[in-house]
Amino acid sequence: MDKRTTESEVIAELKSGMTIGIGGWGSRRKPMSLVRAILRSDLKDLTVVTYGGPDVGLLCKYGKVKKLIYGFVSLDSIPLEPHFRQARQAGAFQAGELDEGMLQWGLRAAAHRLPFLPVRAGLGSDVVSVNPDFKTVRSPYDDGEELIAMPALELDVALIHMNRADASGNGQFLGPDPYFDDLFCHAAKRRFMSCEKIVETQDFQKEGSVHTVSINRLMVDGVIEAPGGAHFTECLPDYPRDEAFQKEYAATAKDPDAWEAFKARYLDVSEAEYQEAVKSR
Amino acid sequence: MSDATRAEICAVAIAECFRDDGETLMSAFGTTATVGGRLAKLTFAPDLFMTDGTATAAETVPALGGEHAPDVVKGAWMPFRLFFDNVVWTTNRHAMMMASQIDRFGNQNFACIGPHEKPKAQLLGMRGAPGNTIYHRNSYFVPNHTAKVFVEKVDVVSGVGYDRAAELGPATARHHDIHRVVSNRGVFDFETPDHSMRLISVHPGVSVEDVIENTGFELAHDDVVPETRMPTDEELGLIRDFLDPKGLINKEIPS
């Protein structure tokens with residue numbers, strides 16, 4: 001089945017109020033071309049679930065986020081994401097802050113079609129008080145231990161970015177870490193994968209072992225060819241993080257004029273124009 | 001030996017935290033803590049396991065910033081999922097985390113300052129601190145020991161301290177273990193009857209009074225508090241000639 005599609009077609013499927021999971025980790029292999037398409041859309045009141053990076057900062061800056069479910073938001077080389085910080089400090093969205101591992105278990109519960117998974121991480125910390133809807137469950141065995149019943153993080157949509165994909169929805173990571181992209185796909189009703197390059201299925205093993213084809217076509221509903229689609233986050237080995245661009249992005253948090261200029265040049269434009277603007281710097 | 005800087009003394013105090021850990025994952029955050037952890041592996045704790053900071057184990061110790069140098073021997077694959085599965089959930093790790101605030105019982109905050117609903121300053125977020133503190137041994141490194149960091153009560157608890165762990169009961173708290181705190185002023189543990197923080201050594205040039213004045217809660221200490229040990233010549237050589245030739249730790253902790 002040919003599942004090739006475009007950012008615009010994906011956005012047309014999304015609705016305000018949806019729960020959207022975003023793959024990658026921090027400022028690494030984020031599906032930024034899809035995030036940029038959300039910025040250009042009328043979508044709002046989103047619940048975003050992610051190991052956050054500039055995807056979160058941008059969605060917050062645009063006021064798209066009603067609730068954020070996260071363990072952290074970081075630009076890695078810039079530890080604190082300044083746009084996310086501003087939105088948090090303004091109380092602009094509901095902060096469903098978790099331990100990083102709890103986020104994994106919430107996705108896993110959804111992936112396994114379970115209502116919750118018992119988890120010890122979080123007990124004793126303020127994760128419990130900032131998520132007052134979380135309940136505990138007592139072990140039915142002799143130990144009787146009380147654990148957090150981490151609710152399944154069921155996603156309406158998962159967005160991930162891979163190095164290579166084929167038209168049928170198999171996806172390959174060529175960098176060091178698969179992150180939790182597979183879990184995001186398993187936890188979601190609709191799954192969209194952008195990639196640096198669409199290749200023939202028989203060509204996957206020219207660039208990586210069979211183990212690097214970590215996403216299979218049962219896990220994906222749509223494939224978008226988006227060269228530079230993770231920019232400015234890193235997408236190794238295709239490209240490292242664009243540190244100069246990331247610095248420029250981060251600096252706009254302190255300077256409204258710089259933000260307006262950045263927005264006009266890079267975000268109020270199509271993806272093709274974005275990629276051109278990046279190249280012509 | 002006598003010309004050791006405060007940062008070098010701290011690095012050795014950090015290394016000492018890992019001395020008896022055997023074969024476990026050593027994670028350290030912050031420049032001086034990174035140097036200290038690696039110093040332990042290079043000297044008295046060779047079985048420590050560490051990563052290159054990305055997704056692979058480093059089986060030989062890299063210099064600061066040299067994690068991907070070609071001569072670093074890479075071992076097993078360690079992506080984030082294995083980090084969780086292999087060392088956090090199995091308790092086989094000793095992390096030295098930072099603390100923006102820490103209290104008398106070792107509750108730690110690096111999530112945010114002010115109320116969580118609308119913080120005055122958003123910091124890192126919870127990250128892995130809740131899970132780390134309930135699952136495995138942790139220590140803390142504080143390069144700027146003041147009464148604003150060592151506080152009576154932290155604004156938000158990201159890392160769980162001894163009083164909260166005790167409330168969870170022995171089953172849940174069985175892996176909870178805050179080993180030590182190393183600051184730019186001294187070294188601390190929680191080996192008191194109520195697991196409140198205790199000053200166990202002051203760095204050379206620091207008085208017990210200095211530490212107490214810069215601590216926002218009642219700090220336990222013996223009548224005589226020893227000085228933190230000085231680095232050996234071998235340790236100073238390893239820090240200056242190999243681990244940190246640019247002396248970056250001295251920027252994190254000025255003498």
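Which residues in H2(A) meet Asp55(A), Leu58(A) and Leu59(A) in H3(A)? In this predicted model, they are Met32(A), Val35(A), Ile38(A) and Leu39(A).

Two packed helices are described by the angle between their axes and the distance between the axes. Take the angle here. Helix H2 of chain A covers residues 32-40, and helix H3 of chain A covers residues 54-61. Their axes cross at roughly 5°. Angles under 35 degrees count as roughly parallel, so H2(A) and H3(A) are roughly parallel to each other. Now take the distance. The two axes come within 10 Å. The residues of this contact are sorted by class as six nonpolar, no polar and one charged. Asp55(A) is one of the residues that H3(A) brings to the contact.

Stay in chain A and move along to Thr201(A). This residue sits in a loop. Is Thr201(A) buried, exposed or partly exposed? It has 13 C-beta neighbours inside 10 Å, so Thr201(A) counts as partly exposed. Its contacts can be named too. Leaving aside neighbours within four places in sequence, Thr201(A) is in contact with Asp166(A) and Asn170(A). Glu145(A) gives another reference point. In sequence, Thr201(A) and Glu145(A) are 56 residues apart. In space, their C-alpha atoms are 48 Å apart.

Now turn to chain B. This chain has eight helices and 13 strands. Its radius of gyration is 18 Å, close to the 18 Å that the globule rule gives for 255 residues. Chain B is therefore as compact as a globular protein of that length. Its C-alpha atoms fill a box of roughly 45 × 45 × 35 Å along the principal axes. Of the 255 residues of chain B, 51% count as buried. What about contacts across the sequence? Consider the contacts in chain B with a separation of 6 or more. Residues 24 or more positions apart account for 65% of them.

Last comes the place where the two chains touch. How many residues of chain B are in contact with chain A? The number is 33, and they are in contact with 35 residues of chain A. Three helices of chain B each supply at least two residues of its side: H3 (80-88), H4 (129-135) and H5 (162-168). By class, the side of chain B that touches chain A has 18 nonpolar, nine polar and six charged residues.

Methods: Residues numbered from 1 in each chain as written. Chains lettered and ligands numbered in written order. Predicted model: local features only at pLDDT ≥ 70, side-chain atom pairs only at ≥ 80, totals over all residues. Helix = DSSP H or I, 4+ residues; strand = E, 2+ residues; numbered from the N terminus. Rg over C-alpha atoms; globule rule 2.2 N^0.38 Å. Buried ≥ 20, exposed ≤ 12 C-beta atoms within 10 Å, placed from the backbone. Contact = placed C-beta atoms within 7 Å. Nonpolar A, V, L, I, M, F, W, Y, C, P; charged D, E, K, R; others polar. Axes fitted to C-alpha atoms, helices over the stretch in contact; angles between N-to-C directions. Parallel < 35°, antiparallel > 145°, perpendicular 65-115°, else oblique.
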